[in-house]
Amino acid sequence: MVEPEERPSVAGQRLGAPESMGISTLEPGQRPPTMPPGRQISIRVQMLDDTQEVFEVSQRAPGKVLFDLVCAHMNLIEGDYFGLEFQDQRKMTVWLDLLKPILKQIRRPKNTILRFVVKFFPPDHTQLLEELTRYLFALQIKHDLACGRLTCNESSAALLVAHIVQSEIGDFDEVQCKQHLLNNKYIPEQDTLMDKIIEYHRKHVGQTPAESDYQLLEIARRLEMYGVRLHPAKDREGTKLSLAVAHSGVLVFQGHTKINAFNWSKVRKLSFKRKRFLIKLRPDLNQSNCQDTLEFMMGSRDCCKVFWKICVEYHAFFRLFEEPKPKPKPVLFTRGSSFRFSGRTQRQVIDYVKDSEFKKVPFERKHSKIQSNSGLSPFPPRLCAEGQGERNASASGQQADSPIGHTQVTVENPALQRYTGSLTSQTNGCRNGTHDEADARLKPSPSKTQAEHLSTGPVSKSPQHNESPSAGRVMVNGQKQSLSIGQSPDGRQPSPLTSPLLTDAGFIRTDDEDEVRRKRFPTDKAYFIAKELLTTERTYLKDLEVITVSFQKSIGKDEAMPDSLRNLIFANFEPVYKFHETFLKEVEQRLAQWEGRSNAHIKGDYQRVGDVMLKNIQGLKLLTAHLQKHSEALLELERTCRSSRKLEGLCRDFELQKVCYLPLNIFFLRPLHRLMHYKQILERLCKHYPPTHDDFRDSRAALADISEMVVQLHGTLIKMENFQKLLELKKDLIGIDNLAIPGREFIRLGCLSKLSGKGLQQRMFFLFNDVLMYSSRGMTASNQFKVHGQLPLYGMTIRESEDEWGVPHSFTLFGQRQSVVVAASSASEMEKWVEDIKMAIELADKCNGPSAEILSSSFTDNKSPEESSADQESEDDLSASRTSLERQTPHRGNTTVHVCWHRSTSVSMVDFSVALENQLSGNLLRKFKNSNGWQKLWVVFTNFSLFFYKTHQDEYPLASLPLLGYSITIPSESENIHKDYVFKLHFKSHVYYFRSESEYAFERWMEVIRSATCSSSHIRSLSRKEPHAY
């Protein structure tokens, strides 16, 4: 271990960090507590990184003032998990009471060093929403290993040390690794495990410090001694034991072996009397001779009281929804202790961080030789392929030549925004991350520093952004660094929901002067309908290029794709692409004539578009055979990928490229969706024209032709949309191999809370026409959801149970083998789920009962690992954790499933279809809540998201904004948006204003965005399965 380093400093001023206040225990908008008057005293606090800081506080200040100063000094938001401990005059280690004056607890403050350590250990480290918090927990694990408090077997110890070494020195170098282990002792028996540590370290190439912290906590939380602080005691027979407290209840140890556990749900009362510590249990109806009071003898009354206090605090922190209220003071005499838990409960901490927005401040990893102090990586840190930070290095400008490594990037809102960091920047983040020719996966070396980076879109890939005059240099941690495009002058990166194109910096503004110079377009509604045809056709052609150009180039002549499949795909897509290329040119020419930008002398002949539509739809009818082959190509591609792992890998790598901004199989359905777009456009055109209009006849004839094609291909479209959704869910789920079975139809997915012995736990539910599955977010770097249970719908009943359980919006599902109580986030969400589940049960009952496949795949034990009563450490678990980064494939962390998880909402199959069929493209002006100018962007709406481009010629989007959970409204007078055709998107504290060029465009954008933010009824789902009457 590194020797403690005494480094006095003034409170609130950390070496190399900007001044900032990150108060842990204050509500939003509140200031730090005012210092009571009186003489100032200096108190030394030893941090988890072995440094010491000196804080000046009033001699009359309570403990909370000092604790808040420590949290503010570190810019720590989730400070409620930590505490300050010290040795009192009796040489006992006790916690600083936040309500009592400091001097009443510490008699000689000059000679006392308080230690800032972890106080509450949560069972699941993914509940820690801040990277800084996880880093501090990792330091605590490191301390516990070194002092022998965290005991484990040799394999576990070696693996833990390997992750610590990876976070401190980076990728494996044998000489450097051996020297580092000789200079630093992490575990008592380190010398005998040297070879095993080196072997494990060799496997962690490309792992960033944040990812190492995550894996370290993942392994540590499975150990029996994780977070355990032993308090010596004896039972009634005088046997030496130890008591401990954990999130689940009171534990009993003999040596380092747990021999008993008393869950909070079984404990009626905890008390102490002199040296006796008493646990009173609730009566067990199944055991008549059960002892209801357990007695343990401890060293002294003070030992009993210290342990009783920490039990009270653990119970309140993990079991209560809010801080307990203080008891009224008695008038005459007191009975018992007045001690109570002070601070936020875990539930309040999580809600507070999710609902608040913070300015994220960088932090320093003291022992790490890797310059990775950004605090950016969302958990699980490895959302994407290995080396996400390295491959996105170019996103911060020309950093490769920087003498200090990479530019520091930070993010606002450490909870929801950083959860969804890769959700909203998905165009080149996890899903579309790399495998470009430049392949920015910089292989780290000991001589070069690294940094973690948020994937903010390949802005710097384009020359105009690299050479942007807005790129400057800023001070971060006391050093000059490059200011990347989209980064604010204060050196912080805004929320992922505003990156990179959704930022004020680095882009040309379109202000009022530019608007005045803007060309006055025709005012006829038919013109704007024709313009929608033009803008969406441009996007559609780009989508076809994903298959015909990018995918074909990526696959090349690789033998993994059979010639028959190659011909089936490209021979049927290329004729369609060439046809629409010509169609687009004709529409562009007609719009240019309509706007008066040509030499045509008689404008009236060109103020129409029905004739162009009629001509080309008649030509498109000749390609019906090719359109029908597209679904066959998708089926064959999936079948071949199942039999060829190499082809599956090629397709997966292509999906990670930035040009593939949606799942690959969605592009195979684009031609069928485009037919729906044409029909909608022609319907609006025919509705607008009077029967006497010159263009009405051609428009009506074109509508009849396209309606005929839609009817012909409608059944295929419904089946392929369902098949595509099953394939997409297959990538998001682990623990089930037979998701896409014949006859299975997807109905709804979303987030519900499942009632278990630990209370309400967040789960992701997937409803099909034969089974209801529930899962939790995986603990591995793949970021997938692990299926914990499958409930066959055959014979299931459903009943609202809010009154029975006292949980709002709850209902009970009674299956043949299992009953489950779940709760929705709102009454509307509950109504959607109950309606769809009832419909699915009716469909299942009409069939011949559950298939053997579902019954065989139903779990005998539907409890998740964290719900089981005992969580024993096993070599299999550790091996799985150790090799997860090697086995798991890069996975998108920005799919609809993840958005629903983070925003506690749900979507149905109808919603998916509407979001895909309601595609819209065009130019919009964008403005922030606190900015003055407007930025002109090319925006594409599809698949519940807005994708942002600089111009329509761009090959790939620069950023995206998932709309699930957002609300769309019109700005109020108080917002001072004195412009026409403006709509407002807002989700919690995130607000964006968008301005369209016409009333028609404004109404269309409002319509399609509402289709993504407002869920559709399942009634429409039933009606969609029948051919429309055109």
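Modeller: A residue counts as buried when its relative accessible area is under 20%. By that cut-off, 59% of the 1030 residues of the chain are buried. The model is a predicted one. The chain has 29 helices and 31 strands. Among its contacts with a separation of 6 or more, 69% join residues 24 or more positions apart.

The part to look at is helix H18, which covers residues 624–643. Two packed helices are described by the angle between their axes and the distance between the axes.

Angles under 35 degrees count as roughly parallel, so H18 is roughly parallel to H21. The crossing of these two helices is left-handed. On the H18 side, the contact is made by Thr624, Leu627, Gln628, Ser631, Leu634, Leu635, Glu638 and Arg642. H21 supplies Met709, Gln712, Leu713, Thr716, Met720, Phe723, Leu727 and Lys730. Sorted by class, this contact of H18 with H21 holds eight nonpolar, five polar and three charged residues.

The crossing of H18 and H20 is left-handed. From H18, the residues in this contact are Leu627, His630, Ala633, Leu634 and Leu637. From H20, they are Leu664, Asn665, Phe668, Leu669, Pro671, Leu672 and Leu675. By class, the contact of H18 with H20 has 10 nonpolar and two polar residues, and no charged ones.

The structure holds zero disulfides. A disulfide needs two cysteine sulfur atoms within 2.5 Å. For Cys660, the closest cysteine sulfur is in Cys651, at 9.7 Å, which is too far for a bond. Cys660 is buried, with a relative accessible area of 0%. Cys71 is buried too, with a relative accessible area of 0%.

Two residues from another part of the chain give a view at the level of single side chains. Leu160 lies in helix H4, residues 154–169. Leu160 is buried, with a relative accessible area of 0%. Leaving out residues up to four places away in sequence, Leu160 touches Leu145, Cys152, Leu216, Ile219, Ala220 and Leu223. Leu160 and Asp213 are 53 residues apart along the chain, and their C-alpha atoms are separated by 9.8 Å.

His204 sits in a loop, the one between helix H6 (194–202) and helix H7 (209–220). His204 is buried, with a relative accessible area of 3%. Apart from neighbours within four places in sequence, His204 is in contact with Leu159, Ala162, His163, Gln166 and Asp171.

Note on methods: Residues are numbered from 1 along each chain as its sequence is written. This is a predicted model: local features need pLDDT of at least 70, side-chain atom pairs count only at pLDDT 80 or more; totals for chains, interfaces and linings use all residues. Side-chain values use heavy atoms; hydrogens and water are left out. Axes are lines fitted to C-alpha atoms, for helices over the stretch in contact, and angles run from 0 to 180 degrees between N-to-C directions. Helices (H or I, at least four residues) and strands (E, at least two) are DSSP runs, numbered from the N terminus. Angles under 35 degrees count as roughly parallel, over 145 as roughly antiparallel, 65 to 115 as roughly perpendicular and the rest as oblique. A crossing is left-handed if the near helix is turned anticlockwise from the far one by less than a right angle, and right-handed if clockwise. Contact means heavy atoms within 4.5 Å. Ala, Val, Leu, Ile, Met, Phe, Trp, Tyr, Cys and Pro count as nonpolar, Asp, Glu, Lys and Arg as charged, and the others, Gly among them, as polar. Buried means under 20% relative accessible area, exposed over 50%, partly exposed in between (1.4 Å probe, protein chains only).
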